[in-house]
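Reader: I have a model open and would like to talk through its contacts with you. Could we begin with a charged pair and work outwards from there?

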Amino acid sequence: MRIDRSFAPDAASVRAARRFVLDAVGDAGQERLDAISVMVSELAMNAVQYARTAFDVRMELTDESLRVEVSDAGGGHPQARPRPTASSSRGRGLFIVDQLSDEWGIIPAAGGTETSVWFRISMRDAQGMRS
Amino acid sequence: MAEREPTDEAYCAVEVATEDGTPVIRLSGELDMVSIERIRPVVEEVLAAGNDRLAFDVRGLEFMDSSGVALLVSATRKARQVELRHPTPIVRRLIELTGLTELLLMVP
């Protein structure tokens, strides 16, 4: 299943993006749904705070995994930081995505202005069954 | 299931109580970059009243992202002791993976 949706560059879109992805995923176990929700929130927040352009959320859901990509036209260069110190006030978003995902990455604006950040999380449980 | 679209103001509720002399900020719902705008002034007001101890009761907090982590960090800078009471699994996971266990006391 592939679904795309575009969101306005508005803080309220962060929650709308979380709901969009969670509604499409359905039942996948609370722990995994929590992780997905947090990661979508972090990527959408990056787009709203730093790019200030409309952003697209693209989902690819299979029995194996969920891949979510958030793209904006801000032409920014998000950077993963090493583990932030406990007391730093910012810079935790992509660190959290790194910790909660199985795989993630940044597709920088090469020539164009679209920058994408994506993550993938397994949809199988330890027994190899979709929960 | 019926669509619920609570207003921005309604999706994180905050309540301040005092238990044994410690101010307790109870949060429930979803804490993100929008809802935090209403919560931050409440926390600042409690800290401005000269409290050096502060507790957050987050048993009803269903969602939190790095905005909430940043709020907790800023509270630990201003108060001598910050307790996080009854964290839900996602809140506990975020606190642990961002290293905030060094800065605040988690009470199960």
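Author: Gladly, and please keep in mind that this is a predicted model.

Reader: Is B:Asp57 buried or exposed? And what about B:Arg59, buried or exposed?

Author: B:Asp57 has a relative accessible area of 4%, which is under the 20% cut-off, so B:Asp57 is buried. B:Arg59 has a relative accessible area of 54%, and because that is over 50%, B:Arg59 counts as exposed.

Reader: Which residues do salt bridges with shared partners join into one network?

Author: That network is made up of A:Arg15, A:Arg18, A:Arg19, B:Glu30 and B:Asp32, joined by salt bridges that share partners.

Reader: What do you have on A:Arg58 and A:Asp56?

Author: The side chains of A:Arg58 and A:Asp56 meet in a salt bridge at 3.8 Å, N to O. A:Arg58 counts as partly exposed at 25% relative accessibility, and A:Asp56 is also partly exposed, with a relative accessible area of 26%.

Reader: Let's turn to the interface then. How many salt bridges does the rule find across the interface of chain A and chain B?

Author: The rule finds five salt bridges across the interface of chain A and chain B, and one that joins these two chains is formed by the side chains of B:Arg93 and A:Glu31, at 3.8 Å from N to O. Five residue pairs in polar contact are also found across that interface, with both residues at pLDDT 80 or more.

Reader: Which elements of chain A give two or more residues to the side that touches chain B?

Author: Helix H1 (12-25), H2 and helix H3 (93-100) of chain A each give two or more residues to that side. H2 of chain A gives the most, with 10 residues. Taking the interface as a whole, 28 residues of chain A are in contact with 30 residues of chain B, and the two chains bury about 2300 Å² between them, 57% of it on carbon and sulfur atoms.

Reader: Where is A:Met45 found, and what is it in contact with beyond its sequence neighbours?

Author: A:Met45 is found in helix H2 of chain A, and it counts as buried because its relative accessibility is 5%. Leaving aside neighbours within four places in sequence, A:Met45 is in contact with A:Val14 and A:Tyr50, and also with B:Met33, B:Asp65, B:Ser66 and B:Ser67.

Reader: What about the chain B side, which residues of helix H3 there are buried?

Author: In helix H3 of chain B, residues 89-97, the buried residues are B:Ile90, B:Val91, B:Leu94, B:Ile95 and B:Leu97. They pack against H2 and H3 of chain A, together with strand S3 (53-64), helix H2 (66-78), strand S4 (81-85) and strand S5 (105-107) of chain B. Just after this helix, B:Gly99 takes a positive phi of about 80 degrees.

Reader: And the largest nonpolar core, which residues touch the most other members?

Author: That core has 68 residues, and A:Val21, A:Leu66 and B:Phe56 touch the most other members. Its largest share, 11 residues, comes from helix H2 of chain A, residues 30-51. Not counting residues up to four places away in sequence, A:Val21 touches A:Ile36, A:Val40, A:Val57, A:Met59, A:Leu66 and A:Val68.

Reader: Last one, what pattern does chain A follow along the sequence?

Author: Chain A follows β-α-α-β-β-α-β-β, with three helices and five strands. Buried residues make up 45% of the 131 residues in chain A.

Conventions. Residues are numbered from 1 along each chain as its sequence is written. Chains are lettered from A and ligands numbered from 1 in the order in which they are written. This is a predicted model: local features need pLDDT of at least 70, side-chain atom pairs count only at pLDDT 80 or more; totals for chains, interfaces and linings use all residues. Side-chain values use heavy atoms; hydrogens and water are left out. Helices (H or I, at least four residues) and strands (E, at least two) are DSSP runs, numbered from the N terminus. Buried means under 20% relative accessible area, exposed over 50%, partly exposed in between (1.4 Å probe, protein chains only). A nonpolar core is a set of buried Ala, Val, Leu, Ile, Met, Phe, Trp, Tyr and Cys residues joined through side-chain atoms within 4.5 Å. Contact means heavy atoms within 4.5 Å. Buried area is the accessible area (1.4 Å probe) that two parts lose on being put together, summed over both. A salt bridge is a side-chain nitrogen of Lys or Arg within 4 Å of a carboxyl oxygen of Asp or Glu. A polar contact is a pair of N or O atoms within 3.5 Å; within protein, one must be able to donate a hydrogen and the other to accept it, and residues adjacent in sequence count only if both atoms are side-chain atoms.
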